[in-house]
Amino acid sequence: MLEVLGLDQPAEALYIILVDNPPLSVDELCRRTGIEPEVAVAALVRLEDGGLISRLPGSSPSYTALPPDHALEVLLLARERDIHRVRALSERLTERHREARRSRDSTSLIQVVTGRDGVARCGQQLFKRAERELRGIDAPPYAQASDGERVNSATAVAGRSVRSRFIHARDTLSMPGVVARVEDDIAAGEEVRFLPEAPMKLIIADDQAALIPLLATPQVLDACILVHPSALLDALSTLFESLWEQAQPYLPGKPASVGPNEFVSDEERRIISLLAMGMSDEAIARQLGIGHRTVQRRVQTLLGRLGAASRFQAGVLAASRGWWQPDHEQRPSGPLALSGGPGQPGP
């Protein structure tokens with residue numbers, strides 16, 4: 001605890017023993033704490049220099065703790081002065097950094113990253129440097145380093161309070177196992193939405209850097225552009241927010257209460273959500289791991305229960321009856337996890 005005042009573990013242990021006891025010699029302190037005599041003597045010198053203890057005269061010197069309220073307050077005031085000086089230096093350096101960025105030429109505002117390994121490492125660095133929010137538009141191909149390590153944002157932000165929002169192309173829901181992974185990501189706190197098509201791949205970290213492919217439709221992700229704060233980065237941020245408002249969430253939150261004589265299973269909610277995404281019965285069957293004919297029967301049953309004449313109308317009626325809630329304004333409340341692409345690496 002006293003490390004914040006510059007005391008290491010031996011000094012803190014000795015000081016606490018002296019606070020709880022009458023004056024003690026070095027030998028007594030070593031017996032009580034198990035600290036080696038050489039280490040104890042050095043720690044006692046630091047405590048004495050810091051004004052926390054006093055050495056009493058005698059043939060065998062002993063040490064006593066000075067009143068903690070005064071001694072610790074002096075150290076706290078010294079630390080506060082140090083913090084104020086560092087904060088002032090931080091402000092000066094921040095301003096110098098801004099001035100340097102204003103004066104540098106335009107070519108330094110973007111950086112071309114080449115090679116599969118370089119792209120993968122750059123994407124991983126963006127995930128790790130984010131402190132507040134990660135945003136992205138995700139679509140294949142995915143980056144993978146030459147050593148086999150994938151760029152995985154979920155691992156990079158685990159245990160950190162970083163908000164994450166990712167937009168995916170609706171077609172990714174047809175990939176095997178994607179729905180289950182999306183639901184795991186949502187359960188972990190990620191905000192996920194879908195568009196009929198993803199216009200590009202994109203990662204933005206804290207409005208400080210963005211990564212986009214060098215080619216519009218790359219077959220292999222081996223060249224990207226790293227964008228630093230600039231008008232281009234502002235435009236990419238605006239693009240993301242515009243698409244986010246248009247995109248559709250998948251299974252956002254829990255369903256509202258349904259009628260007293262109605263019951264909607266989790267599987268039926270998934271089917272309704274996938275129907276609303278425009279997925280075919282065959283694609284729904286692959287994602288849910290059930291037979292194509294089974295899905296067809298359950299879709300027809302749902303249409304009958306809802307009195308719907310079409311799949312789209314089924315989604316509208318299901319939402320109106322509380323079976324499914326396409327709420328675009330929902331926000332998670334806890335620390336967020338992130339996966340760049342449903343169960344896939346990010347860039």
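## Starting from Glu 241

Is Glu 241 buried, partly exposed or exposed, and what is its relative accessible area? Glu 241 is partly exposed, with a relative accessible area of 27%; here buried means under 20%, exposed over 50%, and partly exposed in between, using a 1.4 Å probe and protein chains only. Before going on, please note that this is a predicted model, where local features need pLDDT of at least 70, side-chain atom pairs count only at pLDDT 80 or more, and totals for chains, interfaces and linings use all residues. Residues are numbered from 1 along each chain as its sequence is written, and side-chain values use heavy atoms, with hydrogens and water left out.

## The charged network

By the rule used here (a side-chain nitrogen of Lys or Arg within 4 Å of a carboxyl oxygen of Asp or Glu), the count comes to 12 salt bridges. Glu 241 takes part in a salt bridge with Arg 135 at 2.7 Å, N to O. Glu 241 belongs to helix α8 (residues 231–246) and Arg 135 to strand β5, so this pair ties together parts 106 residues apart in sequence. Helices (H or I, at least four residues) and strands (E, at least two) are DSSP runs, numbered from the N terminus. Arg 135 is buried, at 5% relative accessible area.

Glu 241 also meets Arg 165 in a salt bridge of 2.6 Å, N to O. That pair links strand β6 with helix α8, across 76 residues. Salt bridges with shared partners join Glu 133, Arg 135, Arg 163, Arg 165, Glu 191, Asp 207 and Glu 241 into one network.

## Arg 165 and Glu 133

Arg 165 sits in strand β6 (residues 163–169) and counts as buried because its relative accessibility is 4%. Its side chain makes a polar contact of 2.7 Å with the side chain of Glu 133. A polar contact is a pair of N or O atoms within 3.5 Å; within protein, one must be able to donate a hydrogen and the other to accept it, and residues adjacent in sequence count only if both atoms are side-chain atoms. Leaving aside neighbours within four places in sequence, Arg 165 is in contact (heavy atoms within 4.5 Å) with residues including Leu 134, Gly 136, Phe 240 and Trp 244.

Glu 133 is found in strand β5 (residues 133–138) and, at 19% relative accessibility, counts as buried.

## A salt bridge elsewhere

Arg 46 and Asp 8 form another salt bridge, at 2.7 Å, N to O. Arg 46 is in helix α3 (residues 37–49) and Asp 8 in the segment before α1 (9–20), 38 residues apart. Arg 46 counts as partly exposed at 38% relative accessibility, and so does Asp 8 at 31%.

## Two helices

Helix α11 (residues 292–306) reaches 21 Å over 15 residues, close to the 21 Å expected. Among its buried residues are Val 295, Val 299 and Leu 302, and the buried residues of α11 pack against α9 (266–276), α10 (281–288) and α12 (311–320). Just after α11, Gly 307 takes a positive phi of about 70°.

How values were computed
The expected span of a helix is 1.5 Å times one less than its number of residues.
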